[in-house]
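Welcome! Please take a moment to look over the sequence and the 3D view before reading on.

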Amino acid sequence: MTVAILELAAAFLVVVVIYHVVSVYTSPLSRIPSAGFGAAFSRLAWAFPHEYNGTITIDLPKLHEKLGNTASHDSQYDCRNNISSKSPGPLIRIAPNEVSFYSRETYETVHKVGSKFRKDPRVYGEFVQGGHPALFSITDPVEHAKRRRIMAQLFSRSKVPQLEKLIVAHVERFVSKIAEGEETVDVGVAARALEVDIMSDFSFGTPIQAVDAWASGTQLAMVEKNDKKATWMPVLTTFPLLCDLWDQLENFMFRITGWRTQYTKGLADFQEWCQETWQVALSTTSPNGFPNLIETLCNAGLPSETALSEARENLGPGTDTTSATLAHILWALAHNPSYQNALYEDMVAVGFSTNMTVLENIPRLQACVKEGIRWAGAAAAMLPRIVPPAGIVLHGRFIPEGTVLTSSPIWYLHDRTAYPNPKVFDPYRWLTTDAHDISDNRLRDRFYIPFSRGANVCLGAHFSYLELYVSVAQMVRNFYLEPREPAHSTRDQALGQDWIPVPLPGRKEWVAAVTVGKLEVIHRRR
Ligand code: HEM
């Protein structure tokens, strides 16, 4: 009897395997080159290990390039700019039902306003906090559009300048803590603390006091572990049930023994801080002179739990991106004393204004902020979308309904054709040679999509620009920066005379890019 059951089970397994192999080979996706061994058979064979190691968005563009041809990928723009280079192969199958694309035209098709390609719930669902999806994780386009209209009240270009006072206050405190502290600063950790304070104050009406903690020599565990969670996303999205089970087990053990991992403790402290501060935000009016995010969303009729989700979400992707970008800019500027001095003179000329319109019209400042956003490519994640009913033909291949199509906006920021020597920081990509103006370059501008495109384009883009303009301007106003250990750079890669190009620091890429080493600068008071 037992033998018969075993035989039946074995036969069933064989049938399942044969069915799987046949469907892999007969699928329309079988004509698309595969990323590597086993990729077409299981996500676990290629996509997952690369995601887990934080290298998928680093390795895939190289594979796309390897499979490329010498035709230009966007011929009308390339011809006009007289550039001809090997363009990446546009499609690669990275899992049985998942295709990576590298094509600016396809990016537009998939992400444009009104696109029928929805966010993939497998990935975005894992970002839902406490059962109340924040804007980022809403996959239904109608729901998303409704929420986005409400949120736009705070994030539009016309509203963001109202945040000047709040941002300046935090940046000034940050500057004074740097001035009082040690001569060498790891700007990666320092900028992270600054952004958390700005964003928590903006979202909850109370800063988390990360700058004070950093100045006294500690990084807040609740911030650090929340960042750690972002690096665990591949595990959470691939093994959701197992992760749930582990959570329950750990909660159970904690109730009995009082023990839990540092990671879980950090996350629990963060939840606790959010809950407590949310209650305060609901019962008092913000002391900042304008309503915080929670107040605004509740006034607009959103349930207070949803407002909490939005506020909490801001402290992850809303801050690690801007802080990583700021750290990269400061580190690159530290290698360039004459550019710092020229920027300082530009600031003198506008009376050290902190007004957004004034700052964004200083070409040297605009150029180094835009170049920093491009170079740091902080929002590294691939953005998976589901192919709508009836499928689509892309690059001569039919992609059936339900296939996951995915690409990372940062690949286009590091495109060799649009940005020669893409891995070096050089603000002269954006400047006329005399640095008095922003130069024209349509290809460069077309590939500049750090905030993605279309209906899901980053809501916080203007917010982030204001933070970066004010922070860079105030740092240059107060300090001369030098790198603690200068990066090796080659002067002949420079586009401008007074600029030493700086190579991109080593990194891993999960939801956000994370540098492998420290970004240490030495500061001296001006
Ligand atoms: C340099 C800084 C930043 C970069 C590079 C960046 C990049 C991005 C990208 C690429 C997306 C699209 C994600 C997707 O389609 O899944 C996005 C979405 C989003 N970002 Fe940012 N972001 C930055 C800063 C911020 C800040 C400061 C905030 C908050 C104040 C913010 C809030 C959001 C929100 C709420 C969404 C979801 C938008 C939607 O689905 O409608 N981001 N961001």
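## About the model

This is a predicted model, in which local features need pLDDT of at least 70 and side-chain atom pairs count only at pLDDT 80 or more, while totals for chains, interfaces and linings use all residues. Residues are numbered from 1 along each chain as its sequence is written.

## Two domains

Let us begin with the overall division. Domain 1 covers 22-119 + 381-410, and domain 2 covers 147-377 + 414-525; such bounds come from an automatic or database domain assignment. Their C-alpha centres are 29 Å apart. In the contact between them, domain 1 takes part with 25 residues and domain 2 with 23 residues. Two residues are in contact if their C-beta atoms, placed from the backbone, lie within 7 Å.

On the side of domain 1 that touches domain 2, at least two residues each come from helix H2 (47-52), helix H3 (56-66), helix H4 (75-80), helix H5 (104-111) and helix H21 (409-413). Helices (H or I, at least four residues) are DSSP runs, as are strands (E, at least two), numbered from the N terminus. H5 gives the most to this side, with four residues. By class, this side of domain 1 has 11 nonpolar, seven polar and seven charged residues. Here Ala, Val, Leu, Ile, Met, Phe, Trp, Tyr, Cys and Pro count as nonpolar, Asp, Glu, Lys and Arg as charged, and the others, Gly among them, as polar.

## Around the ligand

Next, find the ligand. It is surrounded by 23 residues, the closest being Gly-318, Thr-321, Ala-379, Cys-458 and Gly-460; a residue counts as near a molecule or strand if its C-beta atom, placed from the backbone, lies within 6 Å of it. Two or more residues of the shell come from each of helix H17 (317-334) and helix H23 (461-478). H17 has the largest share, five residues. The shell divides into 13 nonpolar, nine polar and one charged residues.

## Helices H14 and H16

The axes of H14 (residues 262-283) and H16 (residues 304-314) come within 11 Å and cross at roughly 125°, so H14 is oblique to H16. Axes are lines fitted to C-alpha atoms, for helices over the stretch in contact, and angles run from 0 to 180 degrees between N-to-C directions. Angles under 35 degrees count as roughly parallel, over 145 as roughly antiparallel, 65 to 115 as roughly perpendicular and the rest as oblique.

Cys-274, Trp-278 and Leu-282 of H14 meet Ser-304, Leu-308, Ala-311 and Arg-312 of H16. This contact has five nonpolar, one polar and one charged residues.

## Helices H8 and H9

H8 (residues 164-180) and H9 (residues 187-204) pack at about 150°, with their axes 10 Å apart, which means that H8 is roughly antiparallel to H9.
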